[in-house]
Amino acid sequence: MPDRNEPIPDDHDPLRNINPTDSDHLDYVGQQGLAVEQETLIEPDPVKREQARSLWGDAWRDLRRRPIFLVSTVLIVLLILIAIFPGLFTSTDPRASDLINNYLRRPDWTDFFGGGWFGYDGQGRSIYARVIYGARASITVGICVTLAVTLLGGLAGMAAGFFGGWSDAVISRITDIFFGIPLLLGALVLLNAFSVRTVWSVVIALAFLGWTQLARVMRGSVITVKQSDYVVAGRALGAGTSRLMFRHILPNAIAPVIVVATIALGGYITAEATLSFLGIGLQDPTISWGVDISSAQKVIRQAPFVLFFPAAALSITVLAFIMMGDAVRDALDPKLR
């Protein structure tokens with residue numbers, strides 16, 4: 001039986017077998033220690049820091065959760081597709097008339113997407129086909145007028161709010177003069193100067209009188225933004241006028257303008273329909289909801305469906321743009337969240 005006090009031989013001691021010059025073993029020990037240290041310091045489930053989002057990122061995240069925005073977007077996309085590709089939704093000629101067989105013929109609810117689905121008007125034309133093809137003129141007028149007034153009013157309001165002084169005074173007085181002219185009354189006077197009233201003549205008349213609201217909104221927004229610290233810092237660092245206006249002020253001042261323009265788009269579609277209804281806007285052979293509503297008033301007692309379908313299409317279009325404008329306003333205004 002061996003003595004307990006007897007020293008352990010060198011070949012049985014694991015520590016004595018380590019060679020100080022054995023680099024492979026030392027590397028292995030160092031790697032194991034580093035791995036243990038990393039496992040101790042690093043948390044098993046690290047919390048990832050959320051990336052900062054801009055105003056537009058927050059607005060887009062909020063819009064995707066709003067049913068009113070999703071519904072209005074689907075309607076607007078559908079209307080734009082109808083306006084661009086009306087042949088995909090009907091194969092009936094909207095100008096073809098048959099007074100003998102189709103005079104005020106009532107709707108045939110079994111003729112889905114057919115010429116007789118909504119019935120026929122007083123000239124024997126398919127109401128459904130005219131509703132489909134009438135979307136092009138109304139939506140074209142609304143979008144083009146909105147783009148024109150946003151450009152004109154935005155530039156005028158930005159110049160007035162940024163430069164101030166006499167520039168602000170002159171632009172503001174011109175804006176007040178145009179504000180004193182009612183939109184529809186002024187458009188009636190201007191359109192009488194055109195011998196042939198087309199879509200573009202209506203766009204010119206409405207854009208010439210409708211830029212004032214956007215100018216005032218842009219002016220107030222620019223005055224607020226140009227007092228911000230980053231604008232003052234950019235000016236102190238020597239940034240030029242164009243860089244301050246279009247790189248620093250415009251991206252942060254455009255949100256209220258977009259909201260107002262989106263809501264106003266529906267109003268311009270209504271204005272075009274009103275002018276066409278009064279006989280001053282679009283005229284035959286141009287197909288428009290306002291033209292069809294105007295012609296339907298003669299037979300409204302005998303066949304109210306002739307008036308109902310173009311009026312319903314007009315109301316749905318205007319409502320879709322107003323709903324989108326309200327959703328965008330709520331998303332871009334932090335006070336309403």
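User: What does R329 count as at 36% relative accessibility?

Analyst: This is a predicted model, in which local features need pLDDT of at least 70 and side-chain atom pairs count only at pLDDT 80 or more, while totals for chains, interfaces and linings use all residues. Residues are numbered from 1 along each chain as its sequence is written, and side-chain values use heavy atoms, with hydrogens and water left out. Buried means under 20% relative accessible area, exposed means over 50%, and partly exposed is in between, using a 1.4 Å probe and protein chains only. R329 has 36%, so it counts as partly exposed.

User: Which residue meets the side chain of R329 in a salt bridge at 3.9 Å, N to O?

Analyst: A salt bridge needs a side-chain nitrogen of Lys or Arg within 4 Å of a carboxyl oxygen of Asp or Glu. The side chain of R329 makes such a pair, at 3.9 Å, N to O.

User: In which helix do R329 and D326 both lie?

Analyst: Helices are DSSP runs of H or I with at least four residues, strands are runs of E with at least two, and both are numbered from the N terminus. R329 and D326 are three residues apart, about one turn of the helix. Salt bridges with shared partners also join R66, D326, R329 and D330 into one network. The helix that holds R329 and D326 is helix 14, residues 305-332.

User: How far apart in sequence are the parts tied together by D176 and R216?

Analyst: The side chains of D176 and R216 meet in a salt bridge of 2.4 Å, N to O. D176 lies in helix 6 (residues 165-179) and R216 in helix 9 (residues 212-225), so the pair links parts separated in sequence by 40 residues.

User: Is D121 buried or exposed?

Analyst: D121 sits in the loop between helix 4 (99-102) and helix 5 (127-163). Contact means heavy atoms within 4.5 Å, and not counting residues up to four places away in sequence, D121 touches N102, Y103, L104, I127, R130 and V306. The relative accessibility of D121 is 6%, so it counts as buried.

User: Which residue has its backbone nitrogen 2.7 Å from a polar atom of the D121 side chain?

Analyst: The structure holds eight salt bridges. One of them joins the side chains of D121 and R125, at 3.0 Å, N to O, and both residues are buried. The backbone nitrogen at 2.7 Å from the D121 side chain belongs to R125.

Notes: Polar contact = N/O pair within 3.5 Å; in protein donor to acceptor, adjacent residues only side chain to side chain.
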